[in-house]
Amino acid sequence: MMATPVGLDAPCLRGKLRKCSSNIVTKFSTSKVTGRGFSRGTQVTGLLQESDKHNKWYGIPVLLQKLYDSSHPNSDLLQAHSFLKILSSRLSFEAMTCVTEDRKTAQESTFPNMYTFDLFGGVDVSFVVFQFMNEDLVKDCLSVLYNCGICIEGVTKNLAARDDFVLFLFTLMTNKKTFLQTATLIEDILGVKKEMIPLEGIPNLSGLVQSFDQQQLANFCRILSVTISEPDAGNDDKHTLLAKNAHQKKTASPSRAEINQVTLLSIPGFIERLCKLATRKVSEATGLNFLQELEDWYTWLDNALVLDALMQMATEETEQSSTESSDESSLATSPLRHRLPQSMKIVHEIMYKVEVLYVLCVLLMGRQRNQVHKMLAEFRLIPGLNNLFDKLIWRKYTSSNHVVHGQNENCDCSPEISFKIQFLRLLQSFSDHHENKYLLLNSQELNELSAISMKANIPEVEALVNTDRSLVCDGKKGLLTRLLAVMKREPPDSSFRFWQARAVESFLRGATSYADQMFLLKRGLLEHILFCIIDSGCTSRDVLQSYFDLLGELMKFNIDAFKRFNKYVNTPEKFQAFLTQINSSLVDSNMLVRCIVLSLDRFESQTEDVKVVEVLSECSLLSYMARVENRLSFLFRLINIINVQTLTQENVSCLNTSLVILMLARRKAKLPFYLNALREKEYAEKYPGCMLNNFHNLLRFWQHHYLNKDKDSTCLENSSCIPFSYWKETVSVLLGLDRTSLCAIVRYIDEPFEDLDRDLLED
C-alpha cells in the first residue's frame, strides 16, 4: 500500500479549484478563458461542452471535469481511471511528436490537447488523483505530468518548486510497476531544480536503495548523477581561477554534492552492487523484459537515439562476413528479425552501464576518493571491465569512426559512444596520481615492470611492490594493454583518441617512473603519437593537446624516448612539421615544452653517461631547446598569452612552464640574463613594462593560489622533480621589492612604466 503524498492536501486543492471555477464560468459568456479549475455540477459540464466546439478544446475540459468529479472519497476508481487513460493517451501522442521536433518552435496549435490540459489546470487535477494511491491511477498520472513537462515550458519547474512532492515521488519508487515512470519524472525535475536536493532528506534512503533490483539501481543512477555532480559554473568567466578561488573562499564548507556523496557511500553494499552492474556480462542480465519496459515507458528511448543505434548495429552485423562465435562480440548470423532482440539487450545493458560508470567516476573524483578506490579494488571493478573489453566495451564490429567534438560528456551521442567515453573517463580518474593504477595490468605485465627496473639497476616503485596481485587483471592482456591496441586503430580525428590519450597519460602522471615509460615505449606508443602529430593529418586541437601531454609524460627524463624520437623524426621536414604543430598553439603544447626543458637540464648533468652524451649530440629536439634564443622565445609567448583575469585550469600550465624555465636559469645563476631579455623584448616591441608588469601580477596570483593547496603543490613537485620549496623561493625572489636585486622583476621595470596592480587579488 502506497503512502499518501506529503504536502498534497486533497481538500485544499479542491477548494483552490472551486475558487478558480467562478472565473471560468464568467469567461464562458465571451468564449474566453483566463482562469483555471472546476467546480462540481452538470451546469459547468454543459458550459464546457457548449464552449468546447467553438474554442476547439478537443473535449479536454470535459474530461478534466469528469475526472475531477470522480476523484473523491468513495468514488468509482474504475471510472476515474477510464477518464485518466483517455487523457494520458492523447497527451502521450503529442509528447511523442514533441520529442522528435524542436521544442523551441512548439506552438499551441502544434500540441492543442497539451495546451488545453494545462490551461484548465490539468496538473492540479493530477495532484488530486494522487491521493488515492491506486497503482494504475498513479502510473497514468506520472505519465501525464512527464508529458506535460516535455511540451509545456514551466511545468517541470513548477513541479520542482514543490519540495514535498519531490520527496514524495521517491516513496513511489518502492513500487516496481511505477518505478520507471517515477524515476524518469524525478530525473527531469531535478534537472531544472534550482537547489540540489539533500539525499539525506529522502525517507529511508538506505532501505529504498537496498530494495532495488539491479535494473532499478542502474536507472536510479540517472537520478544520482544529478545529486552528486557539482553544478555547472555557467559561463567561461566563472571558470577562471580567480573566480573559482573567490567562490571557494565563500563556500569553505563541503558542498551539497559532496555531502550527498558521503550519504551514498554510507549505504551498505552500494558500491559493491555498482561494481557488479558495471562488470556483468550481457548474458548475465536477468529477469527484466526489455520490450515490456519500452511498452510501459516509450520515452525512455530518448529521441529515438537508441533505436538509431540499434538499427546501425544490426546493419553492421548484416555486413559482417565473419563466422566467429556468437557471444557478446558477435551476434548470430540468422536473419535480422531474429537477431534484433539480442541487439536490443546489448543496447539496454550499455545504457545501464553508462549511468553506473558515471556515478563511479564522480565518486572517484570526490573528497572520499581513497575510500572509493579501496572499495573499487576490493570488488574487482578493473578486472571485471577487462573481461568485458573485447566482448562489449570495444566490440570488433562496432564502428568507432564517429567524431564527437570537444570534451562534453552531455553531448547527444549514441549509447555506444557515450559508453566508451564514460569508460575512458573512469580509467582516467582511477589511474590519476594513485598507486592502484597497477591494477590495470595483469601478473605477467607486473613482472615485466619488475624486470625493466632490474635491468636498469633502479629500485621498483613502492606502489608496484605493494600491489595486491589477487586484484589485478586476468587473461593474456591487462586493461592498459588492450586500450593501447584499440588506440592505434582509431581514425586520426576520432575524439575517442582524446579520451584514450587522457586515460593512458593518467597512468604515467605523478612521480616519473622509468619502468612505466619503458613498458609503453616497448609497445610502440611513442611512434604512434608522433605519427598522429606529424603524419596523420589530424587537425583536432583537443586530440593534439592530449597527445602533446601524453608525449611529455612518456619522454620526461627518459633518454631512450629521446633516442626513439630522433629515429622517427629523421628528416628536417619532419622536425619542422613537429615544431609547427607545437607552435600553432602553445596552450596545447606547453606541457611538452616543459618536459623537454626539464629533460635537457637533467641530461646536461649526466655527461659521464656515454649514451646520454650520444643522444644529446644527435637529437634534434634537445639541440633545438639547448639554444637559449629558443627558450627565450617560448618564455616570451608563454607570459604573453595569459593574464590573471584569463587564467583557467586549462592555461595555468603556461604560467608554471614559464616558471620552470626561470627556475632552471636561476639554478645556473642566469636569472638576471633572462629578466633583462624580457625587458629588452618589451622595448624592442615599444611596450615597455607590459610583459613584466603582467608577469609580476601572475606570480602574485600564483602565490595566492598554490600556497594554500597541498594537492596542487604536490603535483607540481612530482611532475617537475623540483622541490616545492624551490618553487616558492623562486617566486618570492622574483617578487622582491628591492630594486637593487638582480633577480627581482621590479628592477627591470622603469618607474614611469610600473603598473603593479596591488589590489588585484584583494578585489
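Residue R222 is found in helix α12 (residues 214-228), helices being DSSP runs of H or I with at least four residues, numbered from the N terminus. The model is predicted, so local features need pLDDT of at least 70 and side-chain atom pairs count only at pLDDT 80 or more, whereas totals for chains, interfaces and linings use all residues. Residues are numbered from 1 along each chain as its sequence is written, and side-chain values use heavy atoms, with hydrogens and water left out.

Leaving aside residues up to four places away in sequence, R222 touches E187 and E355, where contact means heavy atoms within 4.5 Å. The side chains of R222 and E355 are also joined by a polar contact of 3.2 Å. A polar contact is a pair of N or O atoms within 3.5 Å; within protein, one must be able to donate a hydrogen and the other to accept it, and residues adjacent in sequence count only if both atoms are side-chain atoms.

Aromatic rings form another theme. Rings of Phe, Tyr and Trp (its six-membered ring) pair if their centres lie within 6.5 Å; planes under 30 degrees apart count as stacked, over 60 as edge-to-face and the rest as tilted. By this rule there are 18 aromatic pairs. The rings of W394 and F496 have centres 5.5 Å apart and planes at 70°, so this pair is edge-to-face. W394 lies in the loop between α20 (381-393) and α21 (415-431), and F496 in helix α25 (residues 496-508), 102 residues apart. One aromatic cluster is formed by F170, F179, F212 and F220.

Key: Helices (H or I, at least four residues) and strands (E, at least two) are DSSP runs, numbered from the N terminus.
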